[in-house]
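Me: I have just opened this entry and would like to work through it with you. Could we settle the terms as we go?

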Amino acid sequence: MQDPEQIKYLKSLGIQLWVPRDYSGSESLAEVQTSVAVEGESSTGQEEPRPQPIKLSGDIAEMNWDDLQQAVLGCTSCGLHVERTQAVFGTGNRDASLMVIGEAPGADEDIQGEPFVGRAGQLLDQMLQAIDCPRSSVYIANIVKCRPPNNRNPQPEEALQCAPYLHRQIALIQPRVILAAGKVAAQNLLQSDLPVGNMRGSHYRYAALDIPVIVTYHPAYLLRSPKEKAKSWQDLKLVRSYLE
């Protein structure tokens, strides 16, 4: 029987009805491998490309939460720091079972210092609530910590500079599942050039920590293309299956 509150959130996503289904340190200390194991075939029927290792500096690999946050807030490793109002570290439950990773801060995030605010953030909140994961129960971060000019996508070298910070956050949280929201997040986490539409529906693993990764559309894209919300609901059900 569907919970009335959940039905309300599903309707806000444009989904009227669903049917549940059962899903039978230093470099010497840590070289974080972002290689991905695919469970079953992707929608293209092709094996996904294998990413190269990302090495954490000794300092970052050993940092606790407070030191890591201070390092991010003071980071000047790439040009994005020049025009930022503030770095957007991440927010939420540091013991979360679910970690949501987006692309980069936008104008609202740059001002408020928190990821996924504004209309896209409101939709993300509704999506999470639909699987009984209120925002306060998850941890939310981005591929890069500073806003790119004019809200453009992060450049590869910018994402590379931020990667050690994000990987340390993942290692500290040890979530049961990661939701990659949008092309930038999915392609950087999984080191793939495939479009989101081809990555959806497959089961990936963040092999360094053996954490499942589910790919879905970014909430901002869903606001522009509401017909795709039903597909995102399928992705959310995959997330829920891991959490259950």
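Reply: We may begin with the naming of elements: helices (H or I, at least four residues) and strands (E, at least two) are DSSP runs, numbered from the N terminus. Residues are numbered from 1 along each chain as its sequence is written. The model is predicted, so to read it: local features need pLDDT of at least 70, side-chain atom pairs count only at pLDDT 80 or more, and totals for chains, interfaces and linings use all residues, while side-chain values use heavy atoms, with hydrogens and water left out.

Me: Understood. Which helix gives the most to the lining of the largest cavity?

Reply: That is helix α6, residues 156–173, with 4 residues in the lining. A cavity here is a set of points on a 1 Å grid over the protein atoms alone where a 1.4 Å probe fits but cannot get out, and lining residues have an atom within 4 Å of a point.

Me: And which residues lie nearest the centre of that cavity?

Reply: C75, C78, R84, C146 and C162 do, out of 14 lining residues.

Me: How much space lies in it?

Reply: The largest cavity holds about 90 Å³. Grid points are joined across faces, edges and corners, and a volume is the space filled by probe spheres set on the points.

Me: What about the largest pocket; how much space is there?

Reply: About 600 Å³ lies in the largest pocket. In contrast to a cavity, a pocket is an open set with protein on both sides within 12 Å along at least five of seven lines.

Me: Which residues are closest to the centre of the pocket?

Reply: E103, A120, H218, A220 and R224 are the closest, among 28 residues that line the largest pocket.

Me: And which elements give two or more residues to its lining?

Reply: There are four such helices to locate on the model: α4 (107–112), α5 (118–130), α7 (183–190) and α9 (219–224). The most comes from α9, which gives 4 residues to the lining of the largest pocket.

Me: Let us change topic. How many salt bridges does the structure hold?

Reply: The structure holds 7 of them. The criterion is a side-chain nitrogen of Lys or Arg within 4 Å of a carboxyl oxygen of Asp or Glu.

Me: What is the partner of D125?

Reply: D125 forms a salt bridge with R135, and their closest N and O atoms are 2.9 Å apart. D125 sits in helix α5, whereas R135 lies in the loop between α5 and β6 (139–142), and the pair, 10 residues apart, links distant parts of the chain.

Me: Is R135 buried or exposed?

Reply: R135 is buried, at a relative accessible area of 18%, and D125 is partly exposed, at 27%. Buried means under 20% relative accessible area, exposed over 50%, and partly exposed in between (1.4 Å probe, protein chains only).

Me: What does R240 pair with?

Reply: The side chain of R240 meets that of E244 in a salt bridge of 3.7 Å, N to O. R240 is buried, with a relative accessible area of 11%, whereas E244 is exposed, with 71%. Elsewhere, salt bridges that share partners join E114, D125 and R135 into one network.

Me: Which residue forms a salt bridge with R205?

Reply: D210 does, with 2.7 Å from N to O. D210 is found in the loop between β8 (203–206) and β9, and it is partly exposed, with a relative accessible area of 48%.

Me: What is the phi of D210?

Reply: D210 has a positive phi of about 55 degrees, although it is not a glycine. Most residues other than glycine have a negative phi. N151 also carries a positive phi, of about 60 degrees, and is not a glycine either. N151 lies in the loop between β6 and α6 and is partly exposed, at 41% relative accessibility.

Me: Which strand do 4 bridges join to β7 in parallel?

Reply: Strand β5 (residues 98–102) is joined to β7 in this way, and the bridge partner of L98 in β7 is V177. Strand β9 (residues 211–216) also runs parallel to β7, with 4 bridges between them. There I178 stands opposite V213 of β9. Two strands pair if DSSP finds at least two bridges between them.
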